[in-house]
Amino acid sequence: MFNRDRWKEILEVLTTNWFRTVLTAFGVFWGILILIILLSAGKGLENGIRADFGDIATNTMFMWTRSTTKAHMGLPIGRNFNYKTEDVETLWEKFPQLRFISPRNQLGGFGGNNNVIRGLKTGAYNVYGDYPEIIQQEPMAITAGRFINQSDIENKRKVAVIGLGVKNELYEAGEEILGSYIKIQGVNFLVVGTYKKRSGNGNGEEGQKEIYVPFTSFSQAFNRGNNVGWMAITAKDEFPITSLKMGIVNEMKRVHKIHPEDTRAIGFFDLYEEFNRVESLFGAMSFIGYFVGILVLLSGIIGVSNIMLIVVKERTKEIGIRRALGEDPWSIRKQILLESIFLTIISGMAGIVVGALFIYGVNALLDANGPVDMFMNPSVNLGVVSAALFILIISGLLAGFIPAQSAIKVRPIDALRTE
Amino acid sequence: MIEIKDLHKSYKMGSNSLHVLKGINFNVEDGELVAIMGSSGSGKSTLLNILGMLDEADSGTYVLDGIPIKNLNETKAANYRNKFLGFIFQSFNLINYKTALENVALPLYYQKMPRKQRQEKAMKYLEQVGLKEWSHHLPSELSGGQKQRVAIARAMVAEPKVLLADELTGALDSKTSYEVMELIQNINDQGNTILVVTHEPDIAQMCKRIVHLKDGVIVKDEKVKQVRAKVNV
Ligand SMILES: Nc1ncnc2c1ncn2[C@@H]1O[C@H](COP(=O)(O)OP(=O)(O)OP(=O)(O)O)[C@@H](O)[C@H]1O
Ligand SMILES: [Mg+2]
């Protein structure tokens with residue numbers, strides 16, 4: 001099949017009309033190039049967005065309270081209520097599928113008053129009362145010291161872990177941080193660690209300006225009793241939180257005597273669902289990449305097919321002669337198919353190579369100019385390249401099929417008659 | 001070598017049908033050199049194409065060297081053409097992007113003979129038609145007579161049972177025609193069976209037998225005293 005004479009002939013045929021061959025090849029080249037660029041751009045966007053999600057445990061929901069909108073069991077409409085620390089126990093009991101339940105309290109917030117003082121410096125920061133597990137639901141890198149631990153919780157130690165943003169504003173460069181004190185709403189806390197969150201964790205700079213203190217000391221210092229502001233609940237990987245969340249919400253309604261049809265009283269956000277929505281966006285993007293790329297490729301293939309038809313037409317007489325001399329029709333068909341596959345693959349390879357160079361160039365640019373929002377490391381993997389090659393071979397076959405068929409339909413006497 | 005009985009062939013053109021061969025009966029022995037003559041449109045080429053398995057008869061039988069030729073599929077027909085028949089055409093029909101040697105070697109390539117062996121054999125036949133030095137020239141660099149000799153070498157190279165030549169001198173001047181006929185006579189002298197379709201009486205006289213075709217039937221079939229081409233050159 002791949003003997004020397006065949007290759008010689010393929011080259012002879014394709015090089016007789018260089019200009020035409022190159023023009024034809026360009027169609028396929030262009031199609032593959034666009035396919036590769038679209039897929040890599042999609043990948044870049046995906047990489048960027050995934051980096052924004054970071055290592056957050058995505059199988060997570062957040063749940064908070066609002067006022068009731070229905071009277072129930074003798075309790076009035078518009079009632080405010082709080083989650084209690086006992087609710088955590090209840091949830092653990094009722095939902096063994098859960099992995100983490102972090103009750104949280106919060107101070108300060110967006111554009112609030114200055115609530116933290118250190119010496120002469122002040123700042124407005126989000127202060128959270130948390131359990132140690134929170135670091136697995138909202139990952140951060142500890143850059144110095146340590147995070148809150150279980151004994152802090154048990155002993156209600158007044159310790160704090162501060163973000164790099166807080167450190168930059170409250171401390172001079174080179175100042176010793178660990179072991180220093182900050183005053184949060186008049187209460188002194190010992191700084192035991194600093195953290196850094198991945199940049200662009202949804203809220204960017206804001207994420208570095210947080211302070212974490214033990215849940216128990218928070219409650220005590222700021223008089224929260226056993227109230228819980230909100231909860232971050234993560235399920236084990238094999239149980240999507242999306243399918244558990246209504247059960248959890250209903251359980252809370254029952255515990256807090258809320259009308260079962262009161263949809264406002266408990267607020268929640270399903271990160272997993274959101275994440276899946278983005279996931280399906282990635283799917284859609286690569287679908288569009290393939291779709292558009294393959295359509296462009298298709299027009300290239302039609303070009304190849306068209307030229308091969310013309311080639312067959314031009315060679316009608318030659319084909320007639322060859323058949324009169326006893327060439328098997330299969331051999332003729334194979335010849336035309338090979339010419340078409342060869343042309344397609346060569347031009348497709350050129351497209352892949354140029355596409356790879358292009359991606360390389362974009363990456364070099366990105367590296368040189370620093371990170372860009374929502375775009376990171378565009379790339380195509382080996383899978384895509386092999387898929388492209390596979391598509392090319394199939395395309396070549398498709399492009400050659402009709403011409404090859406028309407070549408073997410040539411009857412030798414008819415071909416020889418055409419003068 | 002060739003036995004045909006009651007061969008009929010008609011061409012359909014729309015609702016009309018043109019009856020071209022109306023019952024041809026004729027035999028060719030091994031080693032014969034037969035000329036087929038007749039006015040234009042008498043069906044000579046049609047007959048030759050059927051003998052060459054390029055076309056099929058409507059009815060009648062055709063036996064080539066003991067093998068009945070009928071209901072061939074394309075692959076089989078190609079195979080038979082390759083092994084049993086050599087074609088020489090008026091317009092040479094060389095493949096223009098292949099050298100003389102490659103053209104001659106083509107039938108052997110279709111037999112999947114190894115490259116080296118193929119080239120040696122093709123060279124031997126090129127030498128026989130006196131074109132050894134021209135082996136690496138393209139057809140466009142050859143004269144009409146040289147092209148036809150390449151075509152003859154190509155027809156001979158697979159050592160077929162029968163050579164079929166349709167107006168092989170039709171495109172050549174008389175001097176070149178005679179040179180080509182001399183070659184044909186030499187090949188025939190070696191025992192090859194050859195059928196030549198021609199218009200020209202002097203070419204026909206260089207064969208050993210002349211078959212006259214008229215309106216689709218054989219009207220005359222005579223043995224003649226062969227005129228050697230060499231004398232005329
Ligand atoms: N494919 C075809 N379709 C229709 N009619 C055909 C076809 N081939 C040949 N004919 C007709 O058949 C008749 C015989 O044709 P053929 O080619 O056999 O004649 P010929 O004897 O070789 O003539 P010439 O000496 O001109 O070559 C002619 O009338 C021709 O028009
Ligand atoms: Mg004719």
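**Close-up views of a predicted two-chain model**

**View 1. Helix α10 of chain A and its buried residues.** The buried residues of α10 in chain A are A:T316, A:E318, A:I319, A:G320, A:I321, A:R322, A:R323 and A:A324, as seen in this model, which is predicted. The helix, spanning residues 316-324, is thus mostly covered, with eight of its nine residues buried. Just after α10 of chain A comes A:G326, whose phi is positive, at about 105°. Elsewhere in chain A, the charged residue A:R333 lies over the face of A:W330, and the distance to the ring centre is 4.2 Å.

View 2. An unreviewed UniProt entry places the feature "transmembrane region" at residues 21-41, 287-312, 341-362 and 382-402 of chain A.

**View 3. Aromatic pairing between A:F62 and A:W230.** Over all chains, the count comes to 17 aromatic pairs. One of them is formed by A:F62 and A:W230, a tilted pair with 6.2 Å from centre to centre and 55° between the planes. This pair links distant parts of chain A, given that A:F62 belongs to strand β1 (residues 60-65) and A:W230 to strand β13 (residues 230-235), 168 residues apart. A:W230 counts as buried because its relative accessibility is 18%, and the cut-off for that term is under 20%. Ring pairs join A:F62 and A:W230 with A:Y128, A:F147, A:Y195, A:Y212 and A:F269 into a cluster. At A:Y128, a member of this cluster, the charged end of A:R104 sits over the ring, 4.6 Å from its centre.

**View 4. The stacked pair A:F189 and A:F222.** The ring centres of A:F189 and A:F222 are 6.2 Å apart and the planes meet at 25°, so the pair counts as stacked, the cut-off for stacking being under 30 degrees. Here too distant parts of the chain are linked, with A:F189 in strand β10 (residues 187-196) of chain A and A:F222 in the loop between α7 (215-221) and β12 (227-228), 33 residues apart. How buried are the two partners, A:F189 and A:F222? A:F189 has 0% relative accessibility and therefore counts as buried, while A:F222 is also buried, with a relative accessible area of 11%.

**View 5. The open six-stranded sheet of chain B.** In chain B, six strands form an open sheet in the order β6-β7-β8-β3-β9-β10, with mixed pairing. Its edge strands are β6 (85-88) and β10 (217-223), each of which pairs on one side only. Direction ignored, neighbouring strands of the sheet are turned by 20° against each other on average. Helix α5 (residues 144-157) of chain B packs on this sheet, where it touches β6 and β7, and its direction makes about 170° with that of β6.

**View 6. Strand β8 of chain B and its two parallel neighbours.** Strand β8 (residues 193-197) of chain B pairs in the parallel sense with strand β3 (residues 33-38) over four bridges, and B:L33 stands opposite B:I194, while the bridge partner of B:I36 is B:V197. Five bridges join β7 of chain B to β8, and these strands also run parallel; within β8, B:V197 stands opposite B:D166. Five of the five residues of β8 in chain B are buried, so the strand is largely enclosed by the rest of the structure. Both of its faces are covered, with B:T193, B:L195 and B:V197 buried on one side and B:I194 and B:V196 buried on the other.

**View 7. The surroundings of B:L163.** B:L163 lies in strand β7 (residues 162-166) of chain B, and its relative accessible area of 1% is why this residue counts as buried. Which residues is B:L163 in contact with, leaving aside its neighbours within four places in sequence? The contacts are B:G86, B:I88, B:A155, B:M156, B:I187, B:T193, B:I194 and B:L195. Between B:L163 and B:T193 there are 30 residues in sequence, yet the C-alpha atoms are 6.3 Å apart in space.

Key
Residues numbered from 1 in each chain as written. Chains lettered and ligands numbered in written order. Predicted model: local features only at pLDDT ≥ 70, side-chain atom pairs only at ≥ 80, totals over all residues. Heavy atoms only, no water. UniProt positions renumbered as here; feature names shortened; annotations may be inferred. Phe/Tyr/Trp six-rings, centres within 6.5 Å; stacked < 30°, edge-to-face > 60°. Buried < 20%, exposed > 50% of the residue type's maximum accessible area, 1.4 Å probe, protein only. Lys NZ or Arg CZ within 6 Å of the ring centre and 35° of its normal. Contact = heavy atoms within 4.5 Å. Pairing = 2+ DSSP bridges. Axes fitted to C-alpha atoms, helices over the stretch in contact; angles between N-to-C directions.
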